[in-house]
Amino acid sequence: MNLLTRLAAKFATFRLFSGRVWALAAPYFRSEDRWKARGLLLAIVVLNLGTVYMAVQFNDWYRVFYDALEKKDQTVFWQQMVRFSYLAVIAILMAVYKFYLTQLLEIRWRSWMTRDYLRRWLSGQAFYKMELARFSATAVATPAISAVYAADQQGPTPDNPDQRIQEDLNTFTTYTVSLTMGLLNAVVTLVSFIGILWALSGSFTFSLAGSSYTIPGFMVWAAIAYCALGSVLTHYIGRPQIGLNFLQQRYEADFRHHMVRVREYSESIALDRGERVEQNHLGGRFSSVLANYLLLLKAQKRLIWFTSFFGQAAVIFPFLVAAPRFFSGAIQLGQLIQISSAFGKVQDSLSWFVDNYSSLAAWRATTDRLTSFEDSMSAIDQATREREAAQVQPADAATTPTDSLVAQNLTLQLPTGVTLLKDLNLQTQPGDSVLVKGPSGSGKSTLFRAFAGIWPFSTGRAQLPQQAMFIPQRPYFPDGRLRDALAYPEPAATYADADLKQALTDALLPQLASRLDEEDAWTQKLSGGEQQRLAIARVLLKKPRWIFADEATSALDEAAEKTLYEKLVAHVKAAHGSMVSIAHRPTAAAFHRTVWTLERRPEGSPSLYTLNAMSQQTAPDAR
């Protein structure tokens, strides 16, 4: 009963895994590219079947050819040489086109899956919410994060999405096609050759306890028993490779990711003299790569010990069994060679699991990683749709356009579940200018994220005014031409060169006006102050009515800060909009009429902070 329970559990696990593989693989063959995909798949299947047919023809050729050699029949010998020539030409053509069409299917499949995954990863801020989910200790967030966290508890955490999209999709499509076609080839080969082997092997008669027994097609049964035993032993010897392959992919991705971070923050690391620390961090991550690889290497070595012995023994096994009939004259040399060839084909087919176990282990690990990634994206997508009507809404999800910033019963939490602000009600009209103040960590930037509709650890409702634009603490600039970095995310061709240059000049970056077509990694090339001025140039170029600035001038001197705030405030005043800022210095504070102060609440309160609004009458006329 215990054995039956284990078998039932393994079968249930296999069914679950098969369903997940189908869920990953099937969408492509139902997509807009489905007819080309199905046509390629059909062509590959036909070529695989043709390859098996050619193997049957070669098997028959062995018999006739070696019989001719044994009989010294020169006429038949040359006839078989001619036959071999055209069989070889056909086999070569099939092999070339099977390879070409297989590779074509793999790259088209990978291309479609990559575009699909990129679209979904970059939709609805899924890429952002996944990163937040990694830091969620408890499922206290909105459904989008709670669902992802719940999915993570049932499978591997969706880390390193760049690796999953770039590497795992490639591995999945390659292994899925190769293993599936290999299995099909093995099954068809088995069906084709098992009859030949049955007919050639004859019967095996033995006596036991005074009785005589005859086993028809005994070499077929010997091959089945031999390969069944080999498959069971291979599984138990090679099973640790599945988990080790999964960990190897994660450790390699973590190592690569940290090297990218060192490159991105090279100046800060150099200024801090942090080379030794980074070397230790990278060394530690590579130690994990190396240690796990050595464990994987040992697991592969144990498996190769067995599979090598298994393969070598299979070479002589048919000769040992068929030799008595050959030496007795019951069969000729050609039949002996044909028996050996047919046994080899049957044994190869039945040994598909043994021969491909390492590939299956890598494929299983890749599939598990993609499945968890798929579950996370699906959970975010579903929860986002459910959340749009009932919880914090971004501007494009608002039911009615508005010119005001509105927050109703807005509650903000940290990923740990701690409540920062509770039941917040705010409204800001065009013409207002608001400064948000408070101690570090009090949730000022989180409040901006909630206004933008990207903070999933929140409840209530926030409605963003039309034509609003945010200046984050760390602005993003894509590598490439300066004009593309300035116009991001819109195409640079949307704006005239004169407008691009004027925006740079207004943002106190006249030295960059002549470098619009220069390509560089601008995040590394520009200083912190220059990056902030480039972000402000982007705002001046796009001319939004509402501006949300999160410490947008913290790296500037006071004179530059004053000049740029004068330009920003003059712009929103002319556009009949408003400006909401997070800032600490009096230079920026002077440009705002209203101050929202986040103050710490007593211990035991329902939230850590409360927001107090008050008017300020010190704003200059430039406002």
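**View 1. Strands β4, β3 and β6 form an open, antiparallel sheet.** This is a predicted model. The sheet has three strands, and their order is β4-β3-β6. Find the edges: they are β4 (419-428) and β6 (458-463). Each edge strand pairs on one side only. On average, neighbouring strands of this sheet are turned by 10° against each other, with direction ignored.

**View 2. Strand β3 meets β6, and a helix packs on their sheet.** Strand β3 covers residues 405-413. Five bridges join β3 to β6, and the two run antiparallel. Which strands does helix α14 touch? Helix α14 (residues 444-452) packs on the sheet and touches β3, β4 and β6. The direction of α14 makes about 125° with that of β3.

**View 3. A second open sheet is built from six strands.** Read the strands in order: β7-β10-β11-β5-β12-β13. The pairing here is mixed. Strands β7 (468-471) and β13 (609-615) stand at the edges. Each has a single partner strand, so one side of each has no neighbour in the sheet. Neighbouring strands of this sheet are turned by 15° against each other on average, direction ignored. Helix α18 (residues 528-542) packs on the sheet. It touches β7 and β10 (546-550). The direction of α18 makes about 170° with that of β7.

**View 4. Strand β5 pairs with β11 and with β12.** Strand β5 spans residues 433-437. Is β5 mostly covered or mostly uncovered? It is mostly covered: four of its five residues are buried. Strand β11 spans residues 578-582 and pairs with β5 in the parallel sense. Four bridges link β5 and β11. Here L435 stands opposite S581 in β11. Now turn to β12, which also pairs with β5 in the parallel sense, over four bridges. V434 has T594 in β12 as its bridge partner.

**View 5. Strand β12 is largely enclosed by the rest of the structure.** Why is β12 described this way? Five of its seven residues are buried, so the rest of the structure largely encloses it. Strand β12 covers residues 594-600. How many bridges join β12 to β13? There are seven, and these two strands run antiparallel.

**View 6. Helices α7 and α8 cross.** Helix α7 holds residues 218-238, and helix α8 holds residues 240-264. Their axes come within 5 Å and cross at roughly 40°. That angle makes α7 oblique to α8. Which residues make the contact? From α7 come Y236, I237 and G238. From α8 come P240, Q241 and I242. Sort the residues of this contact by type: four are nonpolar, two are polar and none is charged.

**View 7. T174 is partly exposed.** T174 sits in helix α6 (residues 161-201). Its relative accessible area is 27%. Buried means under 20% and exposed means over 50%, so T174 falls in between. How many residues separate T174 and L105 in sequence? They are 69 residues apart in sequence. In space, T174 and L105 are 9.2 Å apart, C-alpha to C-alpha.

**View 8. The whole protein chain has 20 helices and 13 strands.** Step back for the totals. The protein chain has 623 residues, and 44% of them count as buried. Its accessible surface comes to about 31,700 Å². Carbon and sulfur atoms account for 60% of that surface. Next, take the contacts between residues at least 6 apart in sequence. Of these contacts, 75% join residues at least 24 apart.

Note on methods. Residues numbered from 1 in each chain as written. Predicted model: local features only at pLDDT ≥ 70, side-chain atom pairs only at ≥ 80, totals over all residues. Heavy atoms only, no water. Pairing = 2+ DSSP bridges. Axes fitted to C-alpha atoms, helices over the stretch in contact; angles between N-to-C directions. Contact = heavy atoms within 4.5 Å. Parallel < 35°, antiparallel > 145°, perpendicular 65-115°, else oblique. Nonpolar A, V, L, I, M, F, W, Y, C, P; charged D, E, K, R; others polar. Buried < 20%, exposed > 50% of the residue type's maximum accessible area, 1.4 Å probe, protein only. Areas by Shrake-Rupley, 256 points an atom, 1.4 Å probe, with all protein chains shown as cover.
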